[in-house]
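Hi,

Here is the structure I promised to pass on. Have a look, and my notes follow below.

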Amino acid sequence: MHELGITQSIVEIALRTAEGQQAKKIHSVTLEIGSLSGVVPEALQFCYDACSKESLLEGSRLIIEEVEAKARCRDCAVEYPLTDLLACCPACGSAAGDLFCGEELRIKEMEID
Amino acid sequence: MCVDCGCAEPDHHHGEVPRKRISVEEDILAKNDRLAAANRALFAEQGVFSLNLVSSPGSGKTSLLEKTLADLKSEINFAVLEGDQQTANDAERIATTGVPVHQINTGAGCHLDAHMVGHGLEHFDLDSLQMLMIENVGNLVCPASFDLGEDFKVSLLSVTEGEDKPLKYPQMFRASEIMLVNKIDLLPYVRFDVAKCREYAERVHPGIRIFEISCYSGEGLDRWYDWLREKVGEKRTKG
């Protein structure tokens with residue numbers, strides 16, 4: 001359950017950002033989570049509700065935008081979606097691909113008053 | 001009908017201030033990554049080669065350390081950070097080798113993070129240190145996401161587990177530059193296909209370096225030791 005530690009980081013960053021903006025209320029926090037980031041969105045949601053209690057984040061919405069993983073084939077340079085880490089290049093069948101997105105764990109934006 | 005006041009007018013506002021949307025664009029693990037970068041800079045400055053050992057519980061991380069330390073401590077100055085949820089059992093085992101060791105208990109935590117490692121380093125004399133071994137919490141999932149500042153992650157897999165572990169836990173094997181297949185002295189007694197295991201690891205992580213070893217019989221350890229000597233030497237020169 002490393003989602004708990006990750007959620008604590010989300011809460012820390014969101015509250016620091018809100019304070020910097022002198023926000024009175026936080027409506028939502030939007031995350032970009034790569035499909036291969038190793039994080040389970042449902043678990044983040046669960047932890048978020050627990051971690052945001054009694055803070056400016058309480059009652060705010062956690063919006064998770066999933067980023068599809070993509071790789072570039074080392075042999076033929078074709079870019080293709082990686083549904084899992086074992087997918088092969090659809091053009092040449094090579095298993096050697098370099099992941100260039102899909103591991104994101106970012107806070108994208110927030111809605112505040 | 002307006003849902004707020006019940007009047008007949010459908011679209012009217014009740015003095016709401018429009019919400020402000022602000023861009024944050026910050027990595028959630030940025031703090032861990034910053035602390036890991038600080039650890040990495042310290043290792044570089046002091047010429048310390050460091051490994052982060054990861055595996056399921058019971059694959060033989062502590063046995064590997066005991067054996068490696070016993071065989072190489074006369075030529076390499078080691079220190080060990082032990083990560084477990086509870087107990088100092090592993091640190092006590094390492095302490096019998098005479099190598100400096102510090103136990104980190106993570107409590108409910110399922111992995112070590114860069115902050116814990118940074119503080120763990122305070123227990124060692126870095127000036128004389130050549131190699132730091134970090135034994136992570138036994139877990140093939142969570143430690144993959146947390147950089148500790150190490151040079152390499154090393155995944156251990158023992159032949160009493162399934163040879164398909166690299167396929168089942170691809171994140172970890174992709175993050176590891178090295179895979180050690182441990183307990184090969186048991187191969188005659190278990191159904192474990194080493195060739196398949198190598199193929200699976202190679203699929204998840206093309207170019208992964210694999211050592212087949214037994215900490216019990218000592219088989220294969222010479223190649224692992226040669227690799228350690230080489231890497232410690234390279235780091236020492238850079239530091």
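In which helix of chain A does Cys51(A) lie? It is helix 2, residues 41–51; helices (H or I, at least four residues) and strands (E, at least two) are DSSP runs, numbered from the N terminus.

Some housekeeping: this is a predicted model, where local features need pLDDT of at least 70 and side-chain atom pairs count only at pLDDT 80 or more, while totals for chains, interfaces and linings use all residues. Residues are numbered from 1 along each chain as its sequence is written, chains are lettered from A and ligands numbered from 1 in the order in which they are written, and side-chain values use heavy atoms, with hydrogens and water left out.

Back to chain A. Setting aside neighbours within four places in sequence, Cys51(A) is in contact (heavy atoms within 4.5 Å) with Leu4(A), Thr7(A), Gln8(A) and Val11(A). Helix 1 of chain A, residues 3–20, has 18 residues and reaches 25 Å from its first C-alpha to its last, close to the expected 26 Å (1.5 Å times one less than the number of residues). Its buried residues (under 20% relative accessible area, 1.4 Å probe, protein chains only) include Thr7(A), Ile10(A), Val11(A) and Ala14(A). The cover over the buried residues of helix 1 includes helix 2 of chain A and also strand 1 (20–27) of chain B. Just after helix 1, Gln22(A) takes a positive phi of about 50 degrees.

Now chain B. It has an open sheet of seven strands in the order 4-3-5-2-6-7-8, with parallel pairing (two strands pair if DSSP finds at least two bridges between them). At its edges are strand 4 (101–105) and strand 8 (209–212), each pairing on one side only. Four bridges join strand 2 to strand 6 (residues 152–158), and Asn52(B) stands opposite Lys153(B) in strand 6.

Phe49(B) and Trp227(B) make an edge-to-face pair, 5.9 Å centre to centre with 70 degrees between the planes. Phe49(B) is in strand 2 and Trp227(B) in helix 8 of chain B, so the pair ties together parts that are 178 residues apart in sequence.

Cheers

Key
Buried means under 20% relative accessible area, exposed over 50%, partly exposed in between (1.4 Å probe, protein chains only). Rings of Phe, Tyr and Trp (its six-membered ring) pair if their centres lie within 6.5 Å; planes under 30 degrees apart count as stacked, over 60 as edge-to-face and the rest as tilted.
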